[in-house]
Amino acid sequence: MTVATTLPTSPDLAGPHASAEWREMLRLAAPLVGANLLQMAVFAVDVLFVARLGAEALAASSLAVSIFGLLIWSLTGLVGATSPLIAAELGRRRHAVREVRRTVRMGGWVGVIAALVAMALCQLGGPLLRATGQSEAVVVRAVPFLAVLSLACVPAVLASLLRTVVSTLGRPGIGTAITALAVAVNATGNWVFVYGHFGMPALGLMGSAWSSVVTSTAMLLAYALVLRLDRRLHRYRLLGRWWRAEWRRFADVWKIGLPICATIVAEAGLFNGAALLIGRIGEVQLAAHTVAMQLAGMTFQVPFGLGQAATIRVGLAYGARDHAGIARAGWTALAMSVGFMGTMAAVMLAIPRLILGLYIDVADPANAVLVGYALQFLVVAAAFQLFDGAQATCGAVLRGLQDTRVPMTIAMFGYWVPGLLTAIGLGLFTPLGGMGVWLGLMAGLVCVAAMLIWRWHRRDRLGLLP
């Protein structure tokens, strides 16, 4: 690979090298986006089964899953540090088998340690839920549910690690296939454990928690089997010598991964805080917020997947000290992300009632107020689509440069100062109500996106390039 000694003044997004970059980015991103959407389906299966047990059971499972989901999502970012490390090693030396194996091994150590901490935190679910003013009847059912769910922490984090690894090693479709398998396993597990089939007792709500444990374990075993059977992956012997310490690499995973973890918590703090704020304003606005956020969450999976692919592509160029390749990969991912989100914004503005009809009956007069609020929120959602996609992808391309600490600071400031403070001020102290909270969300995303894009644009002068 040709090594560029200077950064081009403008990224080449139209030449033959750019065409190849677009193809490679799409090849990596498409299965990653598919896996992300399927992961949402895994959680949706739980809702479908538990909803039939009643509102109280659904509320209990939703609260428990919100705590568990935040922990696992943040730890996915922690072990995701292996992606830029492995990509850089492959960029430096295409057949860096030993270095890749060391990174995966230490990523596993970090993942297990962090997952055990997450299990301990799950035991604090009761005090946490009571502190937020939840109904005691719901808390009593959520606490044992979360205790069982905590058993999925270790397999879920390790499965996420291996998904990251196989994608970075050029096999992203494996993650899509295994996540599709997880949807089927979880549906079967809920059917068996919740309602009692194949001789199993009907466990009700707790059966859904046990189904999640089985599903996470099945995913981990599936990845282990693939690492053994896939010829391309087997040569790395990623599960070998798991007891050998590589303390420098162990420290590298923590150094890059902890800021990613903190960034995820910062973003989750803004969006979870928004739900709590709107919950104080009114139940109908909270329901409208939930529907609109579901739609925004679906579209977000595309720039999220593009960002995962961009981390790999930028990391490969970073390891090869290819400055032109870094620019091409980063700007290509950003162009794709903003282009897609711009299209989705136009769709939201053009046919909002049709989109809402996927979730609620917009023709039912009983839903008129809810639909009215949801339509307002969708207008803001359409406006911040571009910034949401830009900040997600730009943060990911910076991770490819192993730059995570300053982006973490940017996220914590942007989400919590202009973002959360604007949401509180406009939501609780002006007539805007829920609309004010959504404007706060937009303020946070705009601020973070602007600062991350500036940092990416100034990467050379800031000393981020190899």
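This is a predicted model: local features need pLDDT of at least 70, side-chain atom pairs count only at pLDDT 80 or more; totals for chains, interfaces and linings use all residues.
User: What makes the contact of Arg249 and Glu89 a salt bridge?

Analyst: A salt bridge requires a side-chain nitrogen of Lys or Arg within 4 Å of a carboxyl oxygen of Asp or Glu. The N to O distance for Arg249 and Glu89 is 3.7 Å, and the contact therefore meets the definition. The pair links distant parts of the chain, with Arg249 in helix α11 and Glu89 in helix α3 (residues 82-92), 160 residues apart. Helices here are DSSP runs of H or I with at least four residues, strands are runs of E with at least two, and both are numbered from the N terminus.

User: Why is Arg249 called buried?

Analyst: Buried means under 20% relative accessible area, exposed means over 50%, and partly exposed lies in between (1.4 Å probe, protein chains only). Arg249 has a relative accessible area of 13%, so this residue is buried. Glu89 also counts as buried, because its relative accessibility is 13%.

User: How do you know that Arg102 and Glu246 tie together separate parts of the sequence?

Analyst: Their side chains meet in a salt bridge at 3.4 Å, N to O. Arg102 lies in helix α4 (residues 97-122) and Glu246 in the loop between α10 and α11, so the pair joins parts that are 144 residues apart in sequence. Arg102 is partly exposed, at a relative accessible area of 23%, whereas Glu246 is buried at 18%.

User: Which residues make up the network of salt bridges?

Analyst: The linked residues are Glu89, Arg92, Glu99, Arg102, Arg105, Glu246, Arg249 and Asp252. A search of the whole structure finds 12 salt bridges.

User: What makes Asp403 and Arg455 a salt-bridged pair?

Analyst: Their closest N and O atoms are 2.7 Å apart. Asp403 is in the loop between α15 (368-400) and α16, and Arg455 is in helix α17 (residues 434-457), 52 residues apart. Both Asp403 and Arg455 are buried.

User: Why are Arg93, Arg98, Arg241 and Arg244 called a positive surface patch?

Analyst: Patches are made of residues with over 30% relative accessible area and no salt bridge; like charges are joined within 9 Å, and nonpolar side chains (Val, Leu, Ile, Met, Phe, Trp, Tyr) within 5 Å. Lys and Arg count as positive and Asp and Glu as negative, while His and the chain ends are not counted. Each charge is placed at NZ of Lys, CZ of Arg, CG of Asp or CD of Glu. Arg93, Arg98, Arg241 and Arg244 form such a positive patch. Arg241 counts as partly exposed because its relative accessibility is 48%, and it lies in the loop between α10 (231-234) and α11 (247-281).

User: Which residues make the nonpolar surface patch?

Analyst: Met412, Phe413, Trp416, Val417 and Leu421 make a patch of about 440 Å². Accessible areas come from the Shrake-Rupley method with a 1.4 Å probe, and for residues only the protein chains shown count as cover. Val417, in helix α16 (residues 405-429), counts as partly exposed at 36% relative accessibility.

User: How do you know that the span of helix α7 agrees with its number of residues?

Analyst: The expected span of a helix is 1.5 Å times one less than its number of residues. For the 16 residues of α7 (residues 153-168) this should give 22 Å, and the end C-alpha atoms are 23 Å apart, which agrees.

User: Why is α7 described as largely enclosed?

Analyst: Of its 16 residues, 15 are buried, so the rest of the structure largely encloses α7. Just after α7, Gly170 takes a positive phi of about 90 degrees.

User: Where is a positive phi found in residues other than glycine?

Analyst: Arg321 has a phi near 60 degrees, and its place is in the loop between α12 and α13 (323-350). Arg237, which is not a glycine, has a positive phi of about 45 degrees. Arg237 lies in the loop between α10 and α11 and is exposed, with a relative accessible area of 52%.

Definitions and conventions
Residues are numbered from 1 along each chain as its sequence is written. Side-chain values use heavy atoms; hydrogens and water are left out.
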